[in-house]
Amino acid sequence: MNELLNHHGGRWARYWGRAKVHIQQLMTGFVVNTKRILTLSAALRAEAIVPGFIANRHFLGILYEVLGRPQEAEDHYRRSVNEYGEDFRTLHALGQLLVRQERYDEALPVLERSVQLAAGQYFE
């Protein structure tokens, strides 16, 4: 939503009339989502180019979440943590995924560890 408002003129309507403004909003949303999917799918190509790059697993997890495949997203988040060590962004994404799946007992320790790592990185 922030990207839509700040970078694509989501606060202003180019046209007059409810129907035309609605069409503008739909088209802008389509462009923003298409741009996100293309950006995230670049991680698929990057995996072949730069094997072992930490962001690949994290972005693949995001991509699979967007595509509605939460099990594969979880697999990539967990592989990122196992292969490259703990990163608070990946742990946070994994914790949020577990919360959306209502797996609260698993999500709580993951999110707590994410907060500890983030606090250590930014407040040391």
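User: Which residues have the most contacts inside the largest nonpolar core?

Analyst: This is a predicted model, in which local features need pLDDT of at least 70, side-chain atom pairs count only at pLDDT 80 or more, and totals for chains, interfaces and linings use all residues. A nonpolar core is a set of buried Ala, Val, Leu, Ile, Met, Phe, Trp, Tyr and Cys residues joined through side-chain atoms within 4.5 Å. The largest one has 15 residues, and those with the most contacts inside it are Ala73, Tyr77, Leu91, Leu94, Leu98 and Val110.

User: Which helix supplies the largest share of this core?

Analyst: Helices are DSSP runs of H or I, at least four residues, numbered from the N terminus. H4, H5 (88–100) and H6 (104–122) each supply at least two residues of the core. The largest share, six residues, comes from H5.

User: Is His76 buried or exposed?

Analyst: His76 is found in helix H4, residues 70–84. Buried means under 20% relative accessible area, exposed over 50%, and partly exposed in between (1.4 Å probe, protein chains only). Because its relative accessible area is 11%, His76 is buried.

User: Which residues does His76 touch, not counting residues up to four places away in sequence?

Analyst: Contact means heavy atoms within 4.5 Å. Side-chain values use heavy atoms, with hydrogens and water left out, and residues are numbered from 1 along each chain as its sequence is written. With residues up to four places away not counted, His76 touches Arg57, Leu60, Gly61 and Tyr64.

User: How far apart in space are Ala119 and Phe88?

Analyst: Ala119 has its place in helix H6. In sequence, Ala119 and Phe88 are 31 residues apart. C-alpha to C-alpha, the distance between Ala119 and Phe88 is 9.3 Å.
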